[in-house]
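Please open the structure in your viewer and keep the selection tool at hand.

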Amino acid sequence: MADAQMPERLRNVIVGGGIGGLAAALALSSAGLPVTLLERVARPADVGAGIALHPNGLAVLYGLGLREHLRRTAFSTREGTLGIGSRRYTLPVPDYGDGLDHALALPRARLYQVLREAIAARGADLRFGHEVLGAAPDGRVEVRAPDGGVYEIDADVVVGADGIGSAVRDGAEFGVRRTATPGIAVRALLPGDPFGGRELELWTEEGLAVGAPMGDGTSYLALSASRGPMRRAMTEGDLATLRRLAGRILPDGESLLASVRGFGDLLVNPIVTVTCERWQDGRLALLGDAAHAMTPHLGQGANSALLDAYVLVEELARDQARPAAIARYASRRRPGVTRVQRMSRTYMAVSENTTMPVVRQARDVLMAALLPLAGRRSPLDLFLQENPARTYAAVRRLVPSAPR
């Protein structure tokens, strides 16, 4: 451990061991750049429920050589089913080239495991149980070690990938705004495959339901609501009512939740968004939810963080002038992801907040008219932010030694 009077000198420090932070650490180490990752949790455990990886996020992960590791135990799909009222729509995943013609659904813990193992194989400096207490724009980071001692780091770059409550962000001037939405989401991994081997999303009078098999014998179920009985059940921890309402939304929905013993076995999250006027303050950079936490309704939170990681590392690898590299990263990523944030919030309002009968019926009629007009263009094209094939090629150039 570094002497408190002599800060440890490091090049690239990542704060946060979530998906974005781990991906950035893997990209840096794969590109031959030194990296230290600080994560306050001492022993990574199986956390979270399921995650959907779309072609934009897969382009980053596959470019880093993780294609076979991920596909081995994941559910791969080339289409999803969207239910709006009594109608069902099939939404295909376009073929973007380089094997990017599908989406993957898998347990979030599995993705964490694959990323951690890949980083460890590169010999990167992973410090679990090291909590960042604060960071300054000049690159100084104060850290509490697992034994309770406090030490300092002097870094060229500090990447705040530490989520909605980011300690890196809160110690500097990023112009942050955290907004509580009316939405609440409940998530769970459940045994079996009640969704018939398909990814399913339903817009109902109670709220929104999303389900998909995970490829490991379990399935992911997410329920979210912004008003009405389902939101009250989530707020009050009323599992019996939630089961009953799930039965109205999904075939066998009530029996599906019968395996949940208590409300505490569910992941319950009020939906909060984060926007920042700036993603850079000196040597500090924000990534993922620390910069742009969004509603989960387009499935682009983790995928956007993966794109952040690739673009940031590409700029750092290109330029030794760290503040300039961070500025270019922010300039490249902020406009696109801000647009998707807004789209996701709008999607939330349209899909789960229009529960009044007349409004809902008008919405359903409008969607029935609009969706067929999309023709061969997939709705995915609207929010992928970056062309997946170009992203994949760029990551391959950045880390040419990674397996294909």
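Select Leu115 to begin, and you will find it in helix α4, where helices (H or I, at least four residues) and strands (E, at least two) are DSSP runs numbered from the N terminus. This is a predicted model, in which local features need pLDDT of at least 70 and side-chain atom pairs count only at pLDDT 80 or more, while totals for chains, interfaces and linings use all residues. Residues are numbered from 1 along each chain as its sequence is written, and side-chain values use heavy atoms, with hydrogens and water left out.

Leu115 is buried, with a relative accessible area of 0% (buried means under 20% relative accessible area, exposed over 50%, partly exposed in between, with a 1.4 Å probe and protein chains only). Ala23 lies 92 residues from Leu115 in sequence, yet their C-alpha atoms are 6.8 Å apart.

Next, show helix α1 (residues 19-30) together with helix α4 (residues 108-121), whose axes come within 9 Å and cross at roughly 25°. Axes here are lines fitted to C-alpha atoms, for helices over the stretch in contact, and angles run from 0 to 180 degrees between N-to-C directions. The angle makes α1 roughly parallel to α4 (angles under 35 degrees count as roughly parallel, over 145 as roughly antiparallel, 65 to 115 as roughly perpendicular and the rest as oblique). On the α1 side the contact is made by Ile19, Leu22, Ala23, Ala25 and Leu26, and on the α4 side by Arg108, Leu111, Tyr112, Leu115, Arg116, Ala118 and Ile119.

Then move to helix α2 (residues 55-63) and helix α10 (residues 301-318), which pack at an angle of about 45° with their axes 8 Å apart, and which are therefore oblique to each other. To see where they meet, select Asn56, Gly57, Val60 and Leu61 in α2, and Asn303, Leu306, Leu307 and Tyr310 in α10.

Finally, zoom out to the whole protein, which has 13 helices and 18 strands. Its C-alpha trace spans about 65 × 45 × 40 Å along the principal axes, and of its 404 residues 54% count as buried.

Methods:
Contact means heavy atoms within 4.5 Å.
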